[in-house]
Amino acid sequence: MFALAGKKIWVAGHRGMVGAALVRRLARDGHRVLTAGRETLDLMRQAEVEAFVAAQRPEVVVIAAARVGGIAANAARPVDFLHDNLLIEANIMRAAADAGVAKLLFLGSSCIYPREAPQPIVEDALLTGPLEATNQWYAIAKIAGIKLAEAYRRQYGLDFISAMPTNLYGPGDNYDLESSHVIPALLRKAIEARDSGAATMTVWGSGTPLREFMHVDDLADALVFLLEHYSADAHINVGTGQEVTIAAVAQTIADTVGFKGDLLFDRSRPDGTPRKLMDSQRLLAMGWAPRISLRAGLADAYAHFIESDRARFAAL
Ligand code: GFB
């Protein structure tokens, strides 16, 4: 058991959806949280990261900072997704190692697994086959991060661990229609279609791919659990074990926001990975379980979008 109480915990990427959810959770538990905005710390500048960590001396570090995006953004900006994520993870891990940080948690994604990996996907499936082309750049950066954390454990005996969340959604998500993931995009499109009286709302692809979705507050709960209870070389999957077709989640989102029109499938857009359901038995066997159902989670994301997230996307 690693005790978080009394420790200074740096959440790198605290303004992102995952970082913000983790900060909310740690603050609720009364923990000491350290944050730094990109206006004061450029995570891609090694010297700045080393100076920040040496000055602030965090005892725990969570790498929730990353260049992230949906299927279209990954295909459009391969350099950003590979280069930026490599720099962020390498800089933070090096600075944390130099400062002797007691615990570091690195976050990857379910897209690290081979496109054709047997489902549900176990952690050992990593590097057993070709990646999905649309997000190979992000995937390779995240695979490098997993191996770098493992290397720091082996070479320096540091307690660096890696978690692989499934597709996430929730408060503070990115609602830009070109760079976002599917759930925020469809929430926004359903609201716009409802409010404009449109007869249809567009869903990318065929609607047949399957995805596993986790609300970001469930992920934050899992990350605190892993910080306190997990210490091993291997990365660990964090999923719900429930998968749904894109067509079904689109219809659920339309029902949630009250859009009564039809779904229009735009097959000129890529489907991406046909499935990526993860096997999270290792985590579940440790005693953790998700609590937020997809329907309740979508209602929560919708409520937060109306309350605050919409304001950040002026086009609305
Ligand atoms: O969420 P998404 O962009 O990323 O797409 P991935 C999931 C599925 O939703 C794809 C479909 O089959 C999309 O074609 N989709 C339908 C839409 N309508 C839309 C829409 O309006 N916007 C978007 N974005 N998708 C991501 C990786 O893959 O998974 C990330 O690109 C990360 O790097 C993330 O790993 C977890 O699930 O395909």
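Biologist: How far is an N or O atom in the side chain of R211 from an oxygen atom of the ligand?

Modeller: The separation is 2.8 Å. Keep in mind that this is a predicted model. A polar contact here is a pair of N or O atoms within 3.5 Å, so the R211 pair qualifies.

Biologist: Which distance goes with the polar side-chain atom of S109 and an oxygen atom of the ligand?

Modeller: That pair lies 2.8 Å apart. N74 also places a polar side-chain atom by a ligand oxygen, at 3.1 Å.

Biologist: Now the helices. How are two packed helices described?

Modeller: By the angle between their axes and the distance between the axes. Take α6, residues 182-196, and α8, residues 246-257. Their axes are 9 Å apart, at an angle of about 45°. The two are therefore oblique to each other. α6 passes α8 in a right-handed crossing.

Biologist: Which residues make that contact of α6 and α8?

Modeller: From α6 come V182, I183, L186, L187, A190, I191 and R194. From α8 come I246, V249, A250, I253, A254 and V257. By class, the contact has twelve nonpolar residues, no polar ones and one charged.

Biologist: At what angle do α8 and α10 cross?

Modeller: At roughly 50°, with the axes coming within 10 Å. α10 spans residues 294-307. That angle makes α8 oblique to α10. The crossing is right-handed.

Biologist: Which residues form the contact between α8 and α10?

Modeller: α8 supplies V249, T252, I253, T256 and V257. α10 supplies L294, R295, L298, A299 and Y302. The classes are seven nonpolar, two polar and one charged. Look at V249, I253 and V257 of α8: they touch α10, and they also belong to the contact with α6.

Biologist: On to the backbone. Is the peptide bond from Q119 to P120 cis or trans?

Modeller: Cis, with omega near -5°. To find P120, go to the loop between β4 (103-107) and α5 (136-156).

Biologist: What is the phi of R57?

Modeller: Positive, about 50°, although R57 is not a glycine. R57 sits in the loop between α2 (46-56) and β3 (60-63).

Conventions: Residues numbered from 1 in each chain as written. Predicted model: local features only at pLDDT ≥ 70, side-chain atom pairs only at ≥ 80, totals over all residues. Heavy atoms only, no water. Axes fitted to C-alpha atoms, helices over the stretch in contact; angles between N-to-C directions. Helix = DSSP H or I, 4+ residues; strand = E, 2+ residues; numbered from the N terminus. Parallel < 35°, antiparallel > 145°, perpendicular 65-115°, else oblique. Left-handed = near helix turned anticlockwise from the far one by under 90°. Contact = heavy atoms within 4.5 Å. Nonpolar A, V, L, I, M, F, W, Y, C, P; charged D, E, K, R; others polar. Polar contact = N/O pair within 3.5 Å; in protein donor to acceptor, adjacent residues only side chain to side chain.
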